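Hello,

Here is the structure I promised to pass on to you. Have a look at it first, and then read my notes below.

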Amino acid sequence: MKHRLHTLLASLGLAAILGLPAAAPLPAQSATDLADVCKSVGDAKLGQWASFDATGAGSGGGTLRLALVGTERVGDSTLYWFEVSFAGKDPGRSGTVQILSSSLASRSAPPRALIVKYGQQPAMKVSGEMAGMMGEKGRENTQDFAARCNSARVVGWESVSVPAGTFRALHMTTVDGGDVWASRDVPFGLVKTHAKQGDLALTGRGADAKSSITEKPVDMSGMMTLPKR
């Protein structure tokens, strides 16, 4: 399972989604605009979803969907089920990862549980410390999400046309030559991205998201052992 999870995370491009690469210093006059937009990037309300055409990233292309599909109370805290699903042109690269966490914006909030469905394989669930360790694969090239967004270099506001329509989006560039167009009016903030990992273009959005995994997952937590320290 661990090998399959790592392969799926790579196909979904989670590192590119969950953290923007660090960029050059921000021009002072753009600080307010950037801070405002960064509040929406990576954020969504329960039921919201955004779908994208995805190209490159070694996946052969396909459709990516981000969604907030559920909540769960643990003690005094509310945790959120964040779903990333990818339908690839190559069916063998299709799958869904659901992440239970208090926040997707920071590395300081590791996943409390993961549900993974890879291709036609049964859905599998991992909880506890093992989920935190395995979830790090999706964040291994990221730092604090908000810090990375707020350190991007602003190009300016632009009118961007994608399959979902035309949006007024803030254009940001990254130190490795990537470009991100973000809008407060879109769940998770992303309208369009262009980077060496691949490109995304918004195709749809809504507020009626349900879990893509309808079967009861097999609980793998008791079948896996942590490595000795």
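Please keep in mind that this is a predicted model.

Strand E5 (residues 113–118) runs antiparallel to strand E6 (residues 124–127), and 4 bridges join the two. One of the residues involved is Leu114, whose bridge partner in E6 is Val126.

Both strands belong to an open sheet of 12 strands with mixed pairing, in the order E7-E8-E9-E10-E11-E1-E2-E3-E4-E5-E6-E12. At its edges stand E7 (153–162) and E12 (218–219); each has a single partner strand, so one side of each has no neighbour in the sheet. Helix H3 (residues 31–38) packs on this sheet, where it touches E7, E8 (165–173) and E9 (179–182), and its direction makes about 115° with that of E8.

Next, the nonpolar cores. The largest has 36 residues, and Phe52, Leu64 and Val191 touch the most other members. Strand E8 gives this core its largest share, 4 residues. Leaving aside residues up to four places away in sequence, Phe52 touches Leu64 and Leu66, among others, and also Leu190, Leu200 and Leu202. There is a second, separate core of 11 residues, with Trp81, Leu100, Ala113 and Ile115 among them.

Finally, take a look at Ser102, in the loop between E4 (95–101) and E5. Is Ser102 buried, exposed or partly exposed? Its relative accessible area is 44%, which falls between the 20% and 50% cut-offs, so Ser102 counts as partly exposed. Thr78 is 24 residues away from Ser102 in sequence, yet their C-alpha atoms are 6.7 Å apart in space.

Enjoy exploring!

Best wishes

Note on methods:
Residues are numbered from 1 along each chain as its sequence is written. This is a predicted model: local features need pLDDT of at least 70, side-chain atom pairs count only at pLDDT 80 or more; totals for chains, interfaces and linings use all residues. Side-chain values use heavy atoms; hydrogens and water are left out. Two strands pair if DSSP finds at least two bridges between them. Contact means heavy atoms within 4.5 Å. Axes are lines fitted to C-alpha atoms, for helices over the stretch in contact, and angles run from 0 to 180 degrees between N-to-C directions. A nonpolar core is a set of buried Ala, Val, Leu, Ile, Met, Phe, Trp, Tyr and Cys residues joined through side-chain atoms within 4.5 Å. Buried means under 20% relative accessible area, exposed over 50%, partly exposed in between (1.4 Å probe, protein chains only).
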